Amino acid sequence: MALAPPRDGRHQHVASRRKPLVALSRVRLLLWSLRPLWVLLAVTTVVLLPSSVVSLLRISSRDVSLPWRYAGLSPFAFVTASVVACAFASTVLVPRLRRSPEAAPASAPVEFPVPAPDGSSMPPARRPRGAPQPRVAGFALVVAVAWIAYAHPGAPLTLAVLAVGLAMLATTDVDRHQATTMVLALGVGFATVDYVSWRVSVTNWHGWWIAIPILVAEAFGAAHALGFQFTIWPRSTPPLEATLDPTQYPIFVFVPTLNEGVGILRKTLNGCVAARSAYLRRHPHANVSIVVCNDGRAANAPCWRDVDKLVNEFALYGVKGVTRRFGGGAKAGNIEHARQKMHATGDALVVIFDADQIPDRQFLLKTVAPFADASIGWVQTGQYYSNLDNPVARWADDQQSMFYNLLCPGKAALNAAFICGTNVVIRAAALDEIGGLPQDSVTEDFAASIALHPRWRSVFLRDVLAKGLGPLDIPSYLKQQSRWALGTLEVFRRDWRAIILPKKNGLRPGQRVQYLLACTHYLCGLRDLVYMVSPALFIFTGIPAVRRASLSEYLWHFIPYAAMVIVAMWYSARRVTGWRGMVAGFGSFPALVGSLAAVTMRRKASFVVTSKERNGRPSLRYLVVYLLFVVLCVTALGWTTRMNGAERTSLFISVFWIVYSLAMLGAFLGLAYADLHTHAAARVAEPRQSRRERAGRLRPVRVGLGALIVSTVLASVALTHSPTAPAGVARPFVIASDYTATRRFGVSLPIQLLRSEPPQLERSLGIRFSIVGRTQDVIDKFDTGWARQLAAQGARPWITLEFGEFGAGHTAPLSASLPAIYNGLHDRDIRRWATEIRDFGGPVYMTVLKHADKNWSISSGVAHGGIPADVPRAWLHVRSIFRDAGAKNVAWVWAPADPNQDQAFAPPASSIDAVLQSFINYPGARWGNPKTVLDNVSRRYPGKPLFVEVSAAGPAAEKSAWLYRLGSTVATTPQLYALLYHEGGPALLPTPSQQHRWSLASDSQSLMSMRRIVANLDTARGIR
Amino acid sequence: MRARAGAISARGSLTLVLAVQAVVSVGTLRNTAFQDEALYLYAGRQIVRHLLGGPAPLDHYAFYFSGYPFVYPLIGGYLDRIGGLELARAFSLVCMLGVTALVSAITARLFDRRAAVFASACYAVTGVVLFVGRLATFDALCLFLIALAAGIGVYAGTARRPWSAVAIGPVLVLAILAKYAALLFVPPVFAILVCLSVTSAGWRAAIGRTCLASFALALSLWVADRSIDHAAFHALAGSTTDRSTTFVQSRISLFLHVLQMGGILLAIGLVGLLLLMRGKRMRMFAVITFGTAWLAPAYHMYKHEPISLDKHIAYGLFFVAPLAGYALAWLAGLERPDIANAQRGYWLAAVAVVLAMFTLGLHQSQTLYSNWANTSKLSYALHTQLRDGTGRIFAEDIEVARFDARDVSEEWQWSSFYYPTYVTASRETLTGTPALIQAVTNRYYDLVELSFNYFPDDAYTLANQMIRTRNYDLIAVLPLVNSYGRSHYYVWRSALAPGRGTFTSLTQLKLTA
């Protein structure tokens, strides 16, 4: 019987179509005959075109006056244009010329008759005149991809892809689900190209031993993300051409068994008998044999005799048994042995069930029908687990669901659905062609598919037509993954030429891509290992994976890529599988890496049946690897605090991957816990539940991931938001009502003395300060903690706010000028200060523009471009911001250097709450009479509370005498509100000796004088 | 069984394209005000202020602006007054979104909605279009009005009734008032009306509709002539019809520049032209629109004028976009319903072309948008020195400096190299260089800003006078990066005392030869 489709009709047709070519000019013929050259040129164009265009582009419009640049570029541009023209000719024009004018009248579409299997002409596929070739689409896509890879435009590209793609799809005949899938796939595609090309451009090649592994791992992940989208891209499955009656074929149902036990096998045989009965009821003339392939004897399995007894028991139902005496070839050898014994060759159909796979009654009815098409080699169905009460089986089922419900239909549309070893019907003639199932591989099914696919078509049915037992514990799951990885990688090592290298009558491009993706899938274990190790290495060594990239640039490229991959994955996998499938896949990395090592070192692999029952106490040794990596990740995270901020981008990338790895490890350890818990409970397997019910049992992962997310969010919130008082308006602080006969005493200090000095001075004086002052820059934060500490001690803060620092040569920055203040350049910072002080809530004394009437002030009204009129304007501007922010708990202390001569600078009296008089007594200078000064100030500002700030350095006797005079004066000055001593002296950065000389406690006499002053200030109660 | 994507109608497709145009424009193009933006918006603010009862503008803008100052500057100035530069730029963006919508509408009317999607998409992602949409100048409004006139022309040419042709005249006059360069596009709009009228309704109807449109145009022009300040005719000649080129460039370099900025769309439009030449119905329309795309570039090449060429390329691309849309639809196989199947993937070719154009357009628009210097640091420095209503400021870059400091200064405080004057103590009025020298000698300016960029010779004169008199302190040297290269802004402040200034030598400047 002729199984291969006849080709003659097509050859005849091609010959007939060549006739018009004779009429074409020789030039056109030459163009057509040189097609390989054009393809080569097209590839060259893809490389050259972007650089040419972008080079042209980067010449700014101003440079067009330099024609030599164009002259230099023009030959290059000419060559590029020529190449583009040739490529266009090869891909568009020449194929169009091939069409016959007779066969393609101007108004009618060209028709390409497709031969039917019986040799007759089938209705042609319509290919209208003027429609561009698919190669045009491919060519345009490749050019666009190359261009984007060169220019990597970032996030806007993703937006453009989504919008333009959706807009264009709206004009075509496609349903909403397909449109969404296509647009998301396009988004993933272009965002991936953008990210990976950018990522390559910023790779730190100097630190190659860290950079290259993580780059390759990311590229591998990106390639598989693209491969996933390529696989699930909506395609119409090629229609079957029913020309034969498949019910006439003899059917052999093979159930290979090794050591699964009769309890499991009995259910499978019952299912097989039921499926056969259902099939025979519909097709009474059919011939269906059920054969148990018992390999237990050859493998010395203890239960092989029981299996034979079971077969005898089922003999009543026509079940036959074939028991091997000598092993070899593992499962494939067992099946092949039985197949030869039972003569299941030629036109027979071979059905294979693993011993634990129980077929549905509809199995044969649904799977045999497609064999009506003579080109169908096998029909594969999904592998689903029934023991979903077991957490490991449930997670593994989720992982399987991704493969069987998403990928296999896509592979089938590309005629690349491979044999999965069970729940499959294979045409025996196909197996005969390749000498039966390959017996030198533990994944014989996969190896057989590669050999069969160039000639035979495959079909995948999504229906649940058989259910089996999934791995019962994590070690079994890891063994199963290891076996599959070993087999697949071994097949790749052996058959990579068939997958990659071009070959006449070999695999088609789509099939090659699918086999390549399947073969390399198990390298994801190595990828995950790199994701964990490389970031940690960067954190420990400080060698970055990327260079010359800002964090924002990274996010600009990475976020669209990550978002698109996640959204596209979520959309396609919704109602099919969940995150636990990904977690289970991640958790298998030790097994996969081990398998890769075994294949690399060419260690001989043995076929290990996945255990179908639990034995003894569960081993916990496998957990050691995961715990080690958790420790590594946590240590690396902790180590980040020791890093400097120079490599922020690399640090961010590393922390991202470590957090990702920790989340996956945590979820997998959650599964391990659930596994142990289940093992202890040892519950009986329940019937398969609906997916909705199963989805609801995702507790360990949900709890684990949920906890991780919540803790991360909480930590972020805690880090970014320190506890603050509720916003609003602070309780007003009216200094006049606070102004009593009791005077306040305090200190003002530079920041370096702020914490250490006041307690010592308080001890020396035997009192508690009621005001502590400090000077801060407007870009600083209000020290709420310090203010609260003062408030707890009964003291109040006095802040002197500066608007910058002097630079080299004592030059004032422009930003400190008075116009800068009232023109609003500091408004943001001032508003922040106001808000922070308002939120603090307690009374605060505030001074701005201190000594603005003198040229030594950084914000001066007589220097640095300032004029006296600027001072009140700036003062009022700052006050207005505080008022608008509701910071009514501030008392404004006006602090000119000479309050008696400040008329040109002073703000309105109504905007001043208190006035400061400073005494800075330098050694060797003539120290003024405090009484005269304070009397004058009292007259200048009648009724205003006075602050007196003192600082002196000089001979002890002189200093103590002056202080004594000051004490006498302040005791008799009714307007005095507070007396403060300024520690540290007037220097911006005082030395220790300067600090000592200018200190209140510079000598015992001065200290004694100050004690006396304090006593006179009526501070007997200490804290006020 | 198929749930057709009915939710995404043609209107939805256009919305998506407009969303891309808007988000990409706003999200990727950021810079301080361009010189022209600063000038027009500042003028507009002064005009609005005057209309609201304030003082009259000191400058006679109608005398030299390339558009009538009571059209765009009035709108832009008002928007700047209430929402700042970004709001004024948002108006331009809205205008350009309107142009894209008109591209779609015209293409849909003449071809089909598939071609309309492609036309609008490839127009919206072009670099010069993105650029004009973020520039608060006359161009976006003018282009929108031209597009509207063309759209009315297409509608009037293909509608059953002729009366809509009456609207062409007023819209075109508004476009001319918005920017005088719109005069160039009056004939093409009429040509479109005539050719479509002839095709759809015959010669007699075409003559009738053309007469209607011509009459409305003449009437509108007469009304405009009676209403406007006739100094605008001087500006029309000086800025547009009899413009003298300052920066002369060769024609070949200008031609190459046109190819750089609009070459891909023009090339696809050429494919559309060739495709339409096969049939009779749209042949004339294709020739007219493709030719119109080259009008403005051709005029620039004729005048050797590079200024504003980028913006004027966008005008031409509007006319060629429908042809490009048709060509892309043909390329995507959508001109034949039997192959318009998404699963065949032909449409990916069109997506790829648009995305490639987008990538290039994004890069080009960003390049164009960084052609002028970012003046945020200069603005900051000025804000540390200026006093609203007090003191005089001299600025070489007066347009941007004055615009950036519009919140802290008055118009009268500013002087520049454009017609400087100074009245001496003896009431003698000096102009030009003597005025500058005397003003520096007398410390008339509290602040001086120079960049040695636009008036290098005058700037050196002024700097040397400051050195001679020692009346000024050099207080800031700020980076200036534009398409010419790297340089600096320099800011001087009047010294505390005459002759005690710290600026004593040109070596204190980071000037290069």
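Author: Buried area is the accessible area, taken with a 1.4 Å probe, that two parts lose on being put together, summed over both. The model is predicted: local features need pLDDT of at least 70 and side-chain atom pairs pLDDT 80 or more, while totals for chains, interfaces and linings use all residues. Residues are numbered from 1 along each chain as its sequence is written, chains are lettered from A in the order in which they are written, and side-chain values use heavy atoms, without hydrogens and water.

Reader: How much area do domain 1 and domain 2 of chain B bury between them?

Author: Domain 1 of chain B and domain 2 of chain B bury about 1300 Å², with 56% of it on carbon and sulfur atoms. On the domain 1 side, Gln35(B), Tyr42(B) and Leu58(B) lose the most area, together 45% of what that side buries. The bounds, 2-369 for domain 1 and 376-508 for domain 2, come from an automatic or database domain assignment.

Reader: How many residues of each domain of chain B are in contact?

Author: Contact means heavy atoms within 4.5 Å. In chain B, 19 residues of domain 1 are in contact with 12 residues of domain 2.

Reader: Which residue forms a salt bridge with Asp80(B)?

Author: Side chains of opposite charge can pair when their charged atoms come close. The criterion is a side-chain nitrogen of Lys or Arg within 4 Å of a carboxyl oxygen of Asp or Glu. Arg406(B) pairs with Asp80(B), the closest N and O atoms being 3.0 Å apart. Between the two domains of chain B the count is 2 salt bridges.

Reader: What parts of chain A does the pair Lys366(A) and Asp463(A) tie together?

Author: These side chains meet in a salt bridge at 2.8 Å, N to O. Lys366(A) lies in helix α12 (residues 363-368) and Asp463(A) in the loop between β11 (457-461) and β12 (466-468), so the pair ties together parts that are 97 residues apart in sequence. Helices (H or I, at least four residues) and strands (E, at least two) are DSSP runs, numbered from the N terminus.
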